[in-house]
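Subject: Structure handover

Hello,

Here is the structure I promised to pass on. Please open it before you read the notes below.

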Amino acid sequence: MGWLTKIFKGSSYKGQYHGKYADDRYWHEPRRSVDDSSDFDREEIDCAIAISLSEVDQKGKKIVQEDDESSLSDEDAEEEERLARAEEEERLARAEEEERRVRAEEEKRRARAEEEERRARAEEEERRARAEEDEKRVRAQLEEDEQLAKALQESLYVDTPPQYDFGNAFSPYPFLFPSGYRICAGCNAEIGHGRFLSCMGAVWHPECFRCNACNQPITDYEFSMSGNRPYHKSCYKERHHPRCDVCNNYIPTSSAGLIEYRAHPFWHQKYCPSHERDGTPRCCSCERMEPRDTRYLSLDDGRKLCLECLDSAIMDTHECQPLYFEIREFYEGLNMKVEQEIPLLLVERQALNEAMEGEKNGHHHLPETRGLCLSEEHTIATVSRRPRIGAGYRFIDLITEPYRLSRRCEVTAILILYGLPRLLTGSILAHEMMHAWLRLKGYPNLSPQVEEGICQVLAHMWLDSEIYSSSGVDASSSSSSASSSSSSSPSSSSSSTSSKKGKRSDFEKKLGEFFKHQIESDTSSAYGDGFRRGIKAAGKYDLRRTLEHIKLTGTFPE
């Protein structure tokens, strides 16, 4: 402390200090009396104290000033740090902006490159299209020039243009026209030197050569013709290409380009050859194949029956009895009455086959027998109640019962398949009734051709009487027009018989014609050839004398 030094210097007192700071202070100095201190010294001390206090005050001010300066220095550092951070953030922002700008420029450059590539591709495609169009135009022009040159060349051989009368149907003529006389066969206007078609022996405006089906111009290189009329190939196929009546598809062509199909000889049902091998069912009555969009009914013995044949089908023994009486009346009208009461039974196919195996005599029509005249004793399962149609187009609830046949005469029973239409059932019954009549009348054992042939004649005559009865024409009398004196009685008998029947549908009449056709076109020796020989003899000599000749000689009269 400056002031203390001054005090020491200002007095001449000398001594030594011994001791610690703030503890045990003492001086070794010469002892003086207080009284010896002068007033000057006291003033000096007061002055020193005042100066010391002043210095202390000045030092406090310096400390405060230094603290203020330190505080100001910290704020400057913080401000500089903020400025530095702001500058760094600004620098980063500028860098990001620069990066975005670079990316944007890169995307623009890439878009420009893609646009230029698309434009180049479009120009290339346009160039190719123009080249193809130019090529087509050049070819068309060449073809037109060639046709014109050909027409000019051919015109040198024509003196005068021929006159055409096209009318409603075009009839082509093998004449060619000079260029000045090219007349369109469609509109009868002059063609001149423009484009034209030369086909079917005439020339046409391209828009006048039209399909006879759709009436649209034919622009294809190939076309079809039918009756001197042009068609698009597709229109011709739609109108003239046969469709299969079974699957309804176009009948395919063979490897040789021919349309091969099968057709029923009577119904003219056309179908693909493959349907004969793919298991497509046929109706057991009319023999038509089952179309894909139609369902046939299934009988218990495996046969199929179409809905048209079902309309007049006879399904059980009781239902068949009225028809049996009509057939007996038919025979009686021919002076061939069957005296004995012969049981008539409708049976399933299995029962018929079993009874056929047990017969010693008789001839059977293969591949399937539908009727049988029995001469042996049997126990037969006969259909006693009409079945009903159940799920899946099948007959259900078929009830059969055993029927014991006893031999009272040469014939024990007549069996016929159930489920056949009335006309077919009747023709089979007329056939089997003739077998019974021959045995009951004592005819000798006849050859299959004679016996089956004459039985077919009676079945055919009965069908004739049924088909033509509504028009008042009796076929049984017409088939044996030279018959005995009772030849008029079959007509009255048939008329009375026909009056018991309801009105027949057109299909049933057609069905009767089919059954006649089957008899007439049969190719077997016994049934087919026998019928043709028998019907010829009956037509020539009448039925009565033909039967007499058979009984005497066992053969048909020639």
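The notes below cover cysteines, a surface patch, aromatic pairs and charges over rings.

This is a predicted model: local features need pLDDT of at least 70, side-chain atom pairs count only at pLDDT 80 or more, and totals for chains, interfaces and linings use all residues. Residues are numbered from 1 along each chain as its sequence is written, and side-chain values use heavy atoms, with hydrogens and water left out.

Cysteines

A disulfide is a covalent bond between the sulfur atoms of two cysteines. The rule here asks for a pair of cysteine sulfur atoms within 2.5 Å. By that rule there are zero disulfides. Take C306: the closest cysteine sulfur is that of C309, at 3.4 Å, which is too far for a bond. C373 is in no disulfide either; the nearest cysteine sulfur belongs to C455, 8.5 Å away.

Are C306 and C373 buried or exposed? Buried means under 20% relative accessible area, exposed over 50%, and partly exposed in between (1.4 Å probe, protein chains only). C306 has 0% and is buried. C373 is buried too, at 4%.

Surface patch

I45, I49 and L53 make up a nonpolar surface patch. Together they have about 270 Å² of accessible area (Shrake-Rupley method, 1.4 Å probe; for residues, only the protein chains shown count as cover). Patch residues have over 30% relative accessible area and no salt bridge; nonpolar side chains (Val, Leu, Ile, Met, Phe, Trp, Tyr) are joined within 5 Å, like charges within 9 Å. A salt bridge is a side-chain nitrogen of Lys or Arg within 4 Å of a carboxyl oxygen of Asp or Glu. I45 is partly exposed, at 37%. I45 lies in helix α2, residues 39-155. Helices are DSSP runs (H or I, at least four residues), numbered from the N terminus.

Aromatic pairs

Rings of Phe, Tyr and Trp (its six-membered ring) pair if their centres lie within 6.5 Å; planes under 30 degrees apart are stacked, over 60 edge-to-face, the rest tilted. The whole structure holds 11 such pairs. Y231 and Y236 have ring centres 6.0 Å apart and planes at 65°, so this pair is edge-to-face. Y231 is buried, at 3%, whereas Y236 is partly exposed, at 28%. Ring pairs also link F266, W267, F507, F514 and F515 into a cluster.

Charges over rings

Here NZ of Lys or CZ of Arg must be within 6 Å of the ring centre and within 35 degrees of the ring normal. The charged end of R288 sits over the ring of W267, 5.1 Å from its centre. R303 has its charged end over the ring of Y418, 5.3 Å from the centre.

Best wishes

How values were computed:
Helix = DSSP H or I, 4+ residues; strand = E, 2+ residues; numbered from the N terminus.
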